[in-house]
Amino acid sequence: MVFSKASTLAVCLHLLLISMVFGDRPPNIIYILADDLGYGDLSCFGQKHFQTPNIDRLAAEGMVFTDHYSGSTVCAPSRAALLTGQHTGHVAVRGNSEALPEGQSSMPADTVTMGHVLQDAGYATGVFGKWGLGAPGSASEPLEMGFDRFYGYNCQRQAHHYYPYFLWDDDQREMLWGNFGLETEDYAPTLIHDEVMDFIETNKNRPFFCYYAVVQPHAEMYAPEEYMEKYRGKFLPESSYEGTDSGPNFRKYAYGSQPESHAAFAAMVHCIDDYVGDVISKLKELGIDDETLIVFTSDNGPHQEGGHDPAYFNSNGSQRGYKRDLYEGGIHVPMIARWPGKVAPGSETDHLSAFWDMMPTAAELAGVDAPKGIDGVSFLPTLLGADDQKEHDYLYWEFHEKKGRVALRQGDWKAVRYDVSINPNSQIELYDLSKDPREENNVASQNPEVVATMAALIKWARTKSPNPDFNFPVKRKTSRHAKAHANKKGGTQKVALKPPMGWNSFDSYGVYLHEKAALANVEAMAKGIKKHGYEYFVIDNGWFGEYSLQEGTIYPAEKHAHDIRINEFGQFIPSEVYFPGGLKPIADRCHELGLKFGVHLMRGIPRKAYEMDLPIEGTPYTARDIANTEKKENCTWCTYCYGVDMTKPGAQEWYDGLIQHIVDMGVDFIKYDDIVPHPDEVEAVAKAIRKTGKPIVLSLSPGGSVDPNAIDFFKMGNMLRVTPDVWDEQKYINLCFDAWRKWQGKEELGFWIDMDMIPFGQLQLMSPPSKDKNKSPLSKGDVALAGKGVKRWCMLNAAQQRTFITMRALAASPLMMGGDLPSLDKASYDLITNSEMVACNQNGKMGRLIYEEGDIEVWTVKKKGSSNEGWIGVFNRGKDSKKITLNERLLGKVLSAMTFKDVWNKKGLSIGDSARLGSNDVLFLTYVSK
């Protein structure tokens, strides 16, 4: 860059001035950001209905900026622009894109924020209030983005609740037990304010940056009673808002009823004003008032939600538009800067500035360089009364809701373009703000050259976002409705195009699988059976149970969990006893090894959530609003949950939030238990899975009888259990044959009839062996801690095991191995990995019964795409051995013209050959034309 002598002299004088002003220590910076406070909501900016004396004091003792703009017209992108120094044409976060279950879209991990810049300059940095720029645990949470201290709400959705169940204290949740149920003990803004005061006092002897993101006066419209009573009855007629609850008392859920919205709004602004007064008093008390710059502003224009009537209060200062508009009312916000002894008291400036200017201003105050390539311009010269203030060439905004909007200001000209998600070149509206500050007269037709210039600037001002949701036009996505009907009968995404194959923990570990055993089975699965097509690793019931252990062992001290673990929304979270690291490391290991991860869920909503009256995430409803507590409607064998009344508001949202929470753990497979008798809840789960956009396999378990008339609901899943729990006894094999007869022909692509797990190998490892050697391992009175029986090897003999697995192959029932994999015996391994057995199963067609006489049954299935190949199972269902002959009578005319191979004995057979079948044995054949 080439400097003239005059410009070089100006820079030197400016640097000399800064050195004289700051002395040895750079100033503290307190940036107070109100939420949805309009340009006209302060008495020093024209508010007539109530006074804001402490904020007015800031103005009287500092500088009022009359031409200051927010980063955006909604929360997240506005805050992103503030912290990065980039406008919304360049910043990563350009809209309120939500993350579930908590938080918003993250900024990239390499983002440099104002916090980083000041941290590197030796400042203590803290953010208090609302974050909204990256979910907990992401690379974009506050402690990863340049802040030493965080206290408040991570998620802006949760910041709608003034009596929340928790706040974040750095990276830990602080539970607010006084707010559970309908209690309103802890007003969150007060707790946050106390932490601000503590931060200022703790860091009084060093430079600090306090980003105070106040949550008021965003809806909901709630303030403590001591503030409400000051304004009650003063703004009649009142604005009454009927939310999702009833009655006059305060609620802690978003957009609850507020019969006195006018009073509530004034009370909330009064709270903010008192907070400002406390900050000034604290600075004076500590003797650092003259060393501290306070900036006060708002993140966007006034809202129209929860009962607030911005027109009544003239909240937008008579400008056009409100929050979500890119007219002045949506983005032109009040700003005041106070720095005793440095900023002239009672001063005012019309310097054109915006949120992205705060980054370079803070850097200059700290005596360090701002990041290169930002859009901001330091307004420090204006604060100090210097005459070398650099001006913007333009200001630019974009908004990605309401069909897309952009705006650009250059000098007094303001261009606004709406509906750009539909047409990026939609008509430009042009306003001359010097003559028309209310933007009432579109002068585009009279100024075509200006319009052309503004259009070119709008195009030039932005770069393409890597997030496709933040570009114009928005690429049309396949709607959820279209996705739902893209598959036959409107089921879930057809992810299980063949019968799923995998492992389930229940047969070998019951409800007591622990992390060490889980990882051992993952490794054994990857090493042993994965190459044969087994891919789903599923943790069954109990992973969210609270257990006590027998001293010195991993065995549970009681038969059932004494409690279950849930989060603040009532959603299941892993047992700290058996999964101290959570489920995510197990899911991650599965994925590293090329496996997929699954979990078991119980239908409904936890009774514990009902008892605590926990909120349904993202709604104004609670567990008590949707739970079905009727005894006849609930599971008889597991008392963890109540059913969900799907006719109640909030019911679908419960399943939406729960499923997203589960998917966020890395889950690819969900086994839902006790749900088959409740088709409306099956549908709710299927809808929730579709909303995640993830290819999740849904396995439906009965917990009771299965009604074939509800088949269309069942086909919203991928697997339908049609048997009770199947164990290693002949009676369970018989039940599977009965189910096969009943359900043959009901399978279709992506929907499979499930006959439960394969109980081969070592079972019930977490149940100690019986001390009574004369007692059957399956006796109900034994020490059976989970499922049936005690620690043992599979009790089926070789013939029964062959029958069992052949039946699964011919019925195209999902192959979910139940026995312990690290200790799996060779005989069981050979059965479940036999290539012909697997090929028959993965053929995906249920065999049909073609012959039955006495104890002999013959089932057969054709190979897909072939008329002369397939598989046959000749089963002896009786107790006595039987001689069978391969002939037309047994096999039918077509099959009698084939040649055969005995799968288990590995030898060829022809028509006329005979074989003897022992009790409960099978002749498993492949056939092909001669």
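Modeller: Proline 217 sits in the loop that runs between β7 (208–213) and α6 (225–231); helices (H or I, at least four residues) and strands (E, at least two) are DSSP runs, numbered from the N terminus. The model is predicted, and local features need pLDDT of at least 70, side-chain atom pairs count only at pLDDT 80 or more, while totals for chains, interfaces and linings use all residues. Residues are numbered from 1 along each chain as its sequence is written, and side-chain values use heavy atoms, with hydrogens and water left out.

The bond joining glutamine 216 to proline 217 is a cis peptide, with omega at about 0°. Another cis peptide bond connects leucine 236 with proline 237, where omega is about -5°. Proline 237 belongs to the loop between α6 and α7 (261–286). In general, most peptide bonds are trans, and most residues other than glycine have a negative phi.

Two residues can be discussed in terms of phi. Aspartate 170, although not a glycine, has a positive phi of about 60°. This aspartate 170 occupies the loop between β5 (166–169) and β6 (172–175). Its relative accessibility of 25% makes aspartate 170 partly exposed; buried means under 20% relative accessible area, exposed over 50%, and partly exposed in between, with a 1.4 Å probe and protein chains only. Glutamate 439 also is not a glycine, and its phi is positive, near 55°. Its place is the loop between β15 (428–432) and α12 (448–461). Glutamate 439 is buried, at a relative accessible area of 0%.

Of its 930 residues, 62% are buried. Its C-alpha atoms fill a box of roughly 110 × 60 × 55 Å along the principal axes. Among the contacts (heavy atoms within 4.5 Å) with a separation of 6 or more, 71% are between residues 24 or more positions apart.

One of the sheets is open and antiparallel, with six strands in the order β31-β32-β33-β38-β35-β36; two strands pair if DSSP finds at least two bridges between them. Because β31 (848–853) and β36 (907–909) are at the edges with a single partner strand each, one side of each has no neighbour in the sheet. Within this sheet, β33 (residues 869–876) and β38 (residues 922–929) pair antiparallel over seven bridges, and phenylalanine 875 is opposite valine 922 in β38.
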